[in-house]
Amino acid sequence: MDDTGWTSILAISGGGANGAFGAGFLEGWTETGQRPVFRLVTGVSTGALIAPFAFLGGEHDATLRRFYTTLRTEDVVRRKPLLLALAGTDAFADSTPLARIIEETVTEELLAAIAREYRRGRRLYVLTTNLDARRAVAWNMGAIAVSGRPEALELFRQVMRASASIPVAMGPVYIPVEAHGLIYDEMHVDGGVTAEVFFYGFMLDLPSAARWAGVDPQTAPPMRIFILRNSQFRTPYEQVDPRVLPIASRAIEGLISTQALGDLYRIYGIASRDGIAFNLARIPDDYIPQAAETFDPVEMRRLYELGRTMAAAGYAWETQPPGLLQGEGVGGDD
(Lines give C-alpha, C1' and ligand atoms only; values in the text may rest on other atoms or scores of the structure.)
Protein backbone atom coordinates (compact mmCIF):
# COMPACT_ATOMS: atom_id res chain seq x y z
CA MET A 1 0.00 0.00 0.00
CA ASP A 2 1.34 3.47 -0.90
CA ASP A 3 0.71 6.85 0.76
CA THR A 4 -2.65 7.20 -1.03
CA GLY A 5 -4.07 4.02 0.49
CA TRP A 6 -3.86 2.10 -2.80
CA THR A 7 -1.73 -0.85 -3.82
CA SER A 8 -0.25 0.50 -7.06
CA ILE A 9 1.09 -1.56 -9.94
CA LEU A 10 3.03 -0.42 -13.01
CA ALA A 11 3.26 -2.38 -16.28
CA ILE A 12 5.60 -1.02 -18.99
CA SER A 13 5.21 -2.23 -22.56
CA GLY A 14 7.63 -2.85 -25.38
CA GLY A 15 8.16 -0.37 -28.19
CA GLY A 16 11.88 -0.09 -28.99
CA ALA A 17 13.07 3.50 -29.21
CA ASN A 18 9.53 4.59 -28.32
CA GLY A 19 10.46 3.69 -24.76
CA ALA A 20 11.54 7.34 -24.65
CA PHE A 21 7.86 8.17 -24.22
CA GLY A 22 7.48 6.00 -21.12
CA ALA A 23 10.75 7.22 -19.64
CA GLY A 24 9.71 10.85 -20.14
CA PHE A 25 6.25 10.14 -18.72
CA LEU A 26 7.83 8.80 -15.53
CA GLU A 27 9.90 11.98 -15.11
CA GLY A 28 6.83 14.18 -15.61
CA TRP A 29 4.93 12.04 -13.13
CA THR A 30 7.73 12.56 -10.61
CA GLU A 31 7.46 16.33 -11.14
CA THR A 32 3.80 16.29 -10.09
CA GLY A 33 4.64 14.75 -6.72
CA GLN A 34 1.87 12.21 -7.34
CA ARG A 35 3.93 9.26 -8.57
CA PRO A 36 3.21 6.24 -6.35
CA VAL A 37 5.65 3.80 -4.85
CA PHE A 38 4.72 0.73 -6.88
CA ARG A 39 4.21 -2.56 -5.11
CA LEU A 40 4.69 -4.43 -8.38
CA VAL A 41 6.46 -3.40 -11.61
CA THR A 42 6.57 -5.45 -14.81
CA GLY A 43 8.50 -4.72 -18.00
CA VAL A 44 8.77 -6.17 -21.49
CA SER A 45 11.43 -5.39 -24.12
CA THR A 46 12.24 -1.67 -23.88
CA GLY A 47 9.97 -1.72 -20.83
CA ALA A 48 12.37 -4.22 -19.26
CA LEU A 49 15.17 -1.67 -19.62
CA ILE A 50 13.02 0.96 -17.90
CA ALA A 51 11.47 -1.26 -15.21
CA PRO A 52 14.33 -1.56 -12.66
CA PHE A 53 14.79 2.21 -12.57
CA ALA A 54 11.04 2.89 -12.42
CA PHE A 55 10.85 0.34 -9.59
CA LEU A 56 13.43 2.22 -7.53
CA GLY A 57 11.78 5.61 -7.95
CA GLY A 58 12.19 9.11 -9.32
CA GLU A 59 15.79 9.48 -8.22
CA HIS A 60 16.68 7.27 -11.19
CA ASP A 61 14.87 9.40 -13.79
CA ALA A 62 18.16 10.96 -14.86
CA THR A 63 19.53 7.56 -15.90
CA LEU A 64 16.49 6.96 -18.11
CA ARG A 65 16.72 10.47 -19.56
CA ARG A 66 20.35 9.92 -20.51
CA PHE A 67 19.62 6.57 -22.17
CA TYR A 68 16.53 7.64 -24.09
CA THR A 69 17.66 11.08 -25.28
CA THR A 70 21.35 10.77 -26.15
CA LEU A 71 21.95 7.36 -27.72
CA ARG A 72 22.08 6.59 -31.43
CA THR A 73 21.54 3.28 -33.21
CA GLU A 74 25.28 2.58 -33.24
CA ASP A 75 25.34 2.97 -29.46
CA VAL A 76 22.78 0.16 -29.09
CA VAL A 77 23.54 -2.30 -31.91
CA ARG A 78 26.34 -2.87 -34.40
CA ARG A 79 25.33 -4.08 -37.83
CA LYS A 80 27.07 -7.15 -39.17
CA PRO A 81 28.29 -7.35 -42.78
CA LEU A 82 25.38 -8.50 -44.95
CA LEU A 83 27.23 -11.54 -46.30
CA LEU A 84 28.10 -12.64 -42.78
CA ALA A 85 24.50 -12.16 -41.65
CA LEU A 86 23.25 -14.29 -44.52
CA ALA A 87 25.89 -16.98 -44.03
CA GLY A 88 24.36 -18.54 -40.95
CA THR A 89 24.87 -16.13 -38.05
CA ASP A 90 22.04 -15.71 -35.49
CA ALA A 91 21.14 -12.07 -36.28
CA PHE A 92 21.68 -9.11 -38.59
CA ALA A 93 23.16 -7.02 -35.78
CA ASP A 94 25.29 -7.48 -32.68
CA SER A 95 23.84 -6.08 -29.42
CA THR A 96 27.20 -5.93 -27.62
CA PRO A 97 26.90 -2.12 -27.36
CA LEU A 98 23.59 -2.54 -25.51
CA ALA A 99 25.22 -5.09 -23.22
CA ARG A 100 27.89 -2.51 -22.34
CA ILE A 101 25.26 0.10 -21.48
CA ILE A 102 23.43 -2.39 -19.26
CA GLU A 103 26.72 -3.28 -17.58
CA GLU A 104 27.44 0.40 -16.87
CA THR A 105 24.00 1.16 -15.44
CA VAL A 106 23.08 -2.10 -13.70
CA THR A 107 25.66 -2.12 -10.94
CA GLU A 108 26.18 -3.97 -7.68
CA GLU A 109 24.68 -0.93 -5.94
CA LEU A 110 21.54 -1.09 -8.09
CA LEU A 111 21.20 -4.81 -7.41
CA ALA A 112 21.52 -4.19 -3.66
CA ALA A 113 18.81 -1.51 -3.81
CA ILE A 114 16.44 -3.88 -5.61
CA ALA A 115 17.22 -6.60 -3.07
CA ARG A 116 16.30 -4.21 -0.22
CA GLU A 117 12.94 -3.42 -1.82
CA TYR A 118 12.30 -7.13 -2.42
CA ARG A 119 12.76 -7.78 1.30
CA ARG A 120 10.15 -5.09 1.95
CA GLY A 121 7.62 -7.05 -0.10
CA ARG A 122 7.86 -5.17 -3.40
CA ARG A 123 8.23 -7.14 -6.65
CA LEU A 124 9.87 -6.57 -10.04
CA TYR A 125 9.29 -8.88 -13.02
CA VAL A 126 10.81 -8.88 -16.51
CA LEU A 127 9.51 -10.99 -19.40
CA THR A 128 11.65 -12.87 -21.93
CA THR A 129 10.73 -15.49 -24.50
CA ASN A 130 12.37 -18.91 -24.30
CA LEU A 131 12.62 -19.59 -28.03
CA ASP A 132 13.56 -23.26 -27.55
CA ALA A 133 10.34 -23.90 -25.62
CA ARG A 134 8.43 -21.12 -27.41
CA ARG A 135 7.00 -19.79 -24.17
CA ALA A 136 7.13 -16.68 -22.03
CA VAL A 137 9.30 -16.59 -18.92
CA ALA A 138 8.58 -14.07 -16.15
CA TRP A 139 11.77 -13.48 -14.18
CA ASN A 140 11.51 -12.46 -10.54
CA MET A 141 14.30 -9.88 -10.63
CA GLY A 142 14.15 -9.17 -6.90
CA ALA A 143 14.65 -12.86 -6.13
CA ILE A 144 17.71 -12.84 -8.38
CA ALA A 145 19.02 -9.71 -6.62
CA VAL A 146 18.52 -11.11 -3.13
CA SER A 147 19.90 -14.59 -3.91
CA GLY A 148 23.47 -13.74 -2.98
CA ARG A 149 24.75 -16.03 -5.73
CA PRO A 150 27.99 -14.92 -7.42
CA GLU A 151 26.34 -14.99 -10.85
CA ALA A 152 23.30 -12.90 -9.76
CA LEU A 153 24.46 -9.61 -11.28
CA GLU A 154 25.37 -11.21 -14.60
CA LEU A 155 22.05 -13.08 -14.76
CA PHE A 156 20.14 -9.87 -13.98
CA ARG A 157 21.91 -8.13 -16.86
CA GLN A 158 21.39 -11.05 -19.21
CA VAL A 159 17.65 -11.10 -18.57
CA MET A 160 17.34 -7.36 -19.27
CA ARG A 161 19.31 -7.72 -22.49
CA ALA A 162 17.34 -10.80 -23.58
CA SER A 163 13.99 -9.09 -23.05
CA ALA A 164 15.05 -6.32 -25.45
CA SER A 165 16.68 -8.58 -28.08
CA ILE A 166 14.41 -8.51 -31.13
CA PRO A 167 14.79 -11.85 -32.96
CA VAL A 168 16.73 -11.75 -36.24
CA ALA A 169 17.50 -8.05 -35.79
CA MET A 170 19.53 -8.73 -32.62
CA GLY A 171 21.24 -11.87 -31.42
CA PRO A 172 19.54 -14.02 -28.76
CA VAL A 173 20.93 -14.28 -25.24
CA TYR A 174 22.00 -17.76 -24.14
CA ILE A 175 21.27 -18.33 -20.45
CA PRO A 176 22.83 -21.40 -18.82
CA VAL A 177 20.41 -23.62 -16.90
CA GLU A 178 20.64 -26.95 -15.12
CA ALA A 179 18.08 -29.71 -15.53
CA HIS A 180 18.32 -33.38 -14.53
CA GLY A 181 21.96 -32.86 -13.61
CA LEU A 182 22.88 -31.47 -17.03
CA ILE A 183 23.87 -27.89 -17.89
CA TYR A 184 22.79 -26.43 -21.20
CA ASP A 185 21.99 -23.05 -22.75
CA GLU A 186 18.46 -21.74 -23.24
CA MET A 187 17.92 -19.29 -26.09
CA HIS A 188 16.07 -16.20 -24.81
CA VAL A 189 14.82 -13.32 -26.95
CA ASP A 190 12.52 -10.31 -26.77
CA GLY A 191 9.63 -10.76 -24.34
CA GLY A 192 7.46 -8.97 -26.91
CA VAL A 193 7.38 -12.18 -28.95
CA THR A 194 4.91 -13.58 -26.42
CA ALA A 195 3.42 -10.44 -24.79
CA GLU A 196 3.79 -6.69 -25.24
CA VAL A 197 2.72 -5.92 -21.67
CA PHE A 198 1.84 -8.27 -18.81
CA PHE A 199 0.17 -8.52 -15.44
CA TYR A 200 -1.03 -11.39 -13.27
CA GLY A 201 -3.31 -13.97 -14.79
CA PHE A 202 -0.77 -14.34 -17.58
CA MET A 203 2.35 -15.43 -15.71
CA LEU A 204 1.69 -14.22 -12.16
CA ASP A 205 -0.95 -15.34 -9.65
CA LEU A 206 -1.36 -12.53 -7.11
CA PRO A 207 -4.58 -13.85 -5.53
CA SER A 208 -2.86 -17.13 -4.64
CA ALA A 209 0.11 -15.23 -3.26
CA ALA A 210 -2.22 -13.09 -1.13
CA ARG A 211 -3.96 -16.18 0.25
CA TRP A 212 -0.58 -17.79 0.98
CA ALA A 213 0.45 -14.65 2.88
CA GLY A 214 -2.78 -14.71 4.89
CA VAL A 215 -4.23 -11.56 3.33
CA ASP A 216 -8.02 -11.35 3.27
CA PRO A 217 -9.13 -9.95 -0.12
CA GLN A 218 -12.13 -8.35 1.62
CA THR A 219 -9.92 -6.19 3.87
CA ALA A 220 -6.93 -5.69 1.56
CA PRO A 221 -6.24 -2.15 0.25
CA PRO A 222 -7.77 -1.39 -3.17
CA MET A 223 -5.53 -2.09 -6.15
CA ARG A 224 -4.87 -0.07 -9.29
CA ILE A 225 -2.74 -0.76 -12.32
CA PHE A 226 -1.01 1.87 -14.46
CA ILE A 227 0.03 0.79 -17.95
CA LEU A 228 2.58 2.74 -19.99
CA ARG A 229 2.11 1.78 -23.65
CA ASN A 230 5.15 2.91 -25.63
CA SER A 231 3.37 3.02 -28.97
CA GLN A 232 0.32 4.18 -30.88
CA PHE A 233 -2.69 2.07 -31.75
CA ARG A 234 -3.96 3.96 -34.77
CA THR A 235 -0.84 4.26 -36.92
CA PRO A 236 -0.63 6.73 -39.83
CA TYR A 237 -1.28 5.48 -43.35
CA GLU A 238 1.96 4.51 -45.09
CA GLN A 239 2.36 3.22 -48.63
CA VAL A 240 4.52 0.12 -48.43
CA ASP A 241 7.42 -0.35 -50.83
CA PRO A 242 6.65 -3.61 -52.75
CA ARG A 243 9.81 -5.41 -51.61
CA VAL A 244 10.28 -8.28 -49.19
CA LEU A 245 11.81 -6.42 -46.23
CA PRO A 246 9.37 -3.46 -46.16
CA ILE A 247 6.42 -5.83 -46.54
CA ALA A 248 7.71 -8.09 -43.76
CA SER A 249 8.43 -5.12 -41.51
CA ARG A 250 4.96 -3.61 -41.95
CA ALA A 251 3.30 -6.99 -41.42
CA ILE A 252 5.23 -7.63 -38.21
CA GLU A 253 4.34 -4.16 -36.95
CA GLY A 254 0.69 -5.03 -37.53
CA LEU A 255 1.01 -8.32 -35.65
CA ILE A 256 2.68 -6.60 -32.69
CA SER A 257 0.02 -3.87 -32.58
CA THR A 258 -2.77 -6.44 -32.62
CA GLN A 259 -1.07 -8.52 -29.92
CA ALA A 260 -0.61 -5.42 -27.77
CA LEU A 261 -4.31 -4.65 -27.95
CA GLY A 262 -5.11 -8.25 -27.01
CA ASP A 263 -2.78 -7.97 -24.02
CA LEU A 264 -4.61 -4.84 -22.87
CA TYR A 265 -7.98 -6.54 -23.21
CA ARG A 266 -6.68 -9.47 -21.15
CA ILE A 267 -5.43 -7.16 -18.40
CA TYR A 268 -8.65 -5.13 -18.50
CA GLY A 269 -10.73 -8.29 -18.16
CA ILE A 270 -8.70 -9.52 -15.18
CA ALA A 271 -8.75 -6.07 -13.55
CA SER A 272 -12.53 -5.74 -14.02
CA ARG A 273 -13.12 -9.20 -12.59
CA ASP A 274 -11.01 -8.55 -9.49
CA GLY A 275 -12.02 -4.94 -8.81
CA ILE A 276 -8.66 -3.44 -9.85
CA ALA A 277 -8.74 0.10 -11.25
CA PHE A 278 -7.43 0.14 -14.84
CA ASN A 279 -5.33 3.10 -16.05
CA LEU A 280 -3.65 3.45 -19.46
CA ALA A 281 -1.28 6.05 -20.93
CA ARG A 282 -0.06 5.82 -24.54
CA ILE A 283 1.45 7.79 -27.37
CA PRO A 284 -1.39 9.81 -28.94
CA ASP A 285 -2.64 8.44 -32.24
CA ASP A 286 -2.19 11.83 -33.94
CA TYR A 287 1.54 11.94 -33.12
CA ILE A 288 3.62 11.85 -36.32
CA PRO A 289 6.99 10.05 -35.92
CA GLN A 290 9.98 11.65 -37.63
CA ALA A 291 12.80 9.19 -36.94
CA ALA A 292 15.70 9.16 -39.38
CA GLU A 293 17.12 5.92 -37.93
CA THR A 294 16.06 3.16 -35.54
CA PHE A 295 17.40 4.97 -32.47
CA ASP A 296 17.25 8.62 -33.52
CA PRO A 297 18.20 10.88 -30.58
CA VAL A 298 16.27 13.84 -32.02
CA GLU A 299 13.07 11.81 -32.36
CA MET A 300 13.61 10.16 -28.97
CA ARG A 301 13.97 13.58 -27.34
CA ARG A 302 10.65 14.60 -28.95
CA LEU A 303 8.97 11.52 -27.52
CA TYR A 304 10.61 11.96 -24.14
CA GLU A 305 9.38 15.55 -23.87
CA LEU A 306 5.94 14.52 -25.11
CA GLY A 307 5.64 11.95 -22.32
CA ARG A 308 7.08 14.29 -19.71
CA THR A 309 4.75 17.15 -20.68
CA MET A 310 1.67 14.91 -20.74
CA ALA A 311 2.38 13.53 -17.26
CA ALA A 312 3.47 16.85 -15.71
CA ALA A 313 0.22 18.48 -16.88
CA GLY A 314 -1.79 15.92 -14.91
CA TYR A 315 -2.63 13.21 -17.40
CA ALA A 316 -6.24 12.02 -17.66
CA TRP A 317 -5.69 8.27 -17.61
CA GLU A 318 -7.76 6.12 -19.96
CA THR A 319 -9.84 3.71 -17.93
CA GLN A 320 -10.43 1.11 -20.66
CA PRO A 321 -8.60 -0.18 -23.75
CA PRO A 322 -9.10 1.84 -26.95
CA GLY A 323 -12.12 0.91 -29.04
CA LEU A 324 -13.75 -1.18 -26.31
CA LEU A 325 -17.15 0.52 -26.46
CA GLN A 326 -16.87 2.82 -29.44
CA GLY A 327 -16.40 0.03 -31.99
CA GLU A 328 -13.33 1.74 -33.41
CA GLY A 329 -10.68 -0.09 -35.39
CA VAL A 330 -7.03 0.01 -34.36
CA GLY A 331 -5.37 -0.31 -37.75
CA GLY A 332 -4.45 2.40 -40.22
CA ASP A 333 -6.64 5.33 -41.12
CA ASP A 334 -9.59 4.69 -43.43
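Leaving aside neighbours within four places in sequence, with which residues is Y68 in contact? In this predicted model, local features require pLDDT of at least 70 and side-chain atom pairs pLDDT 80 or more, whereas totals for chains, interfaces and linings use all residues. Residues are numbered from 1 along each chain as its sequence is written, and side-chain values use heavy atoms, without hydrogens and water. With those neighbours excluded, Y68 is in contact (heavy atoms within 4.5 Å) with G16, A17, G19, A20, A23, T46, L49, I50, M300, R301 and Y304.

Y68 is also among the residues with the most contacts inside the largest nonpolar core, together with L10, F25, W29, M141 and F156. This core has 62 residues; a nonpolar core is a set of buried Ala, Val, Leu, Ile, Met, Phe, Trp, Tyr and Cys residues joined through side-chain atoms within 4.5 Å, and buried means under 20% relative accessible area with a 1.4 Å probe, protein chains only. Helix α2 gives the most to the core, with 8 residues.

Helix α1 (residues 19-32) is largely enclosed by the rest of the structure, because 11 of its 14 residues are buried. Among them are F25 and W29. The buried residues of α1 pack against β1, α2, α3, β10, β11 and α12. G33, which follows α1, has a positive phi near 75 degrees.

Helices α7 (residues 108-119) and α9 (residues 152-163) pack at an angle of about 90 degrees, their axes 10 Å apart. The two are therefore roughly perpendicular, a term covering angles of 65 to 115 degrees. E108, L111 and I114 of α7 meet A152, L153 and F156 of α9.

Technical notes. Axes fitted to C-alpha atoms, helices over the stretch in contact; angles between N-to-C directions. Helix = DSSP H or I, 4+ residues; strand = E, 2+ residues; numbered from the N terminus. Parallel < 35°, antiparallel > 145°, perpendicular 65-115°, else oblique. Buried < 20%, exposed > 50% of the residue type's maximum accessible area, 1.4 Å probe, protein only.
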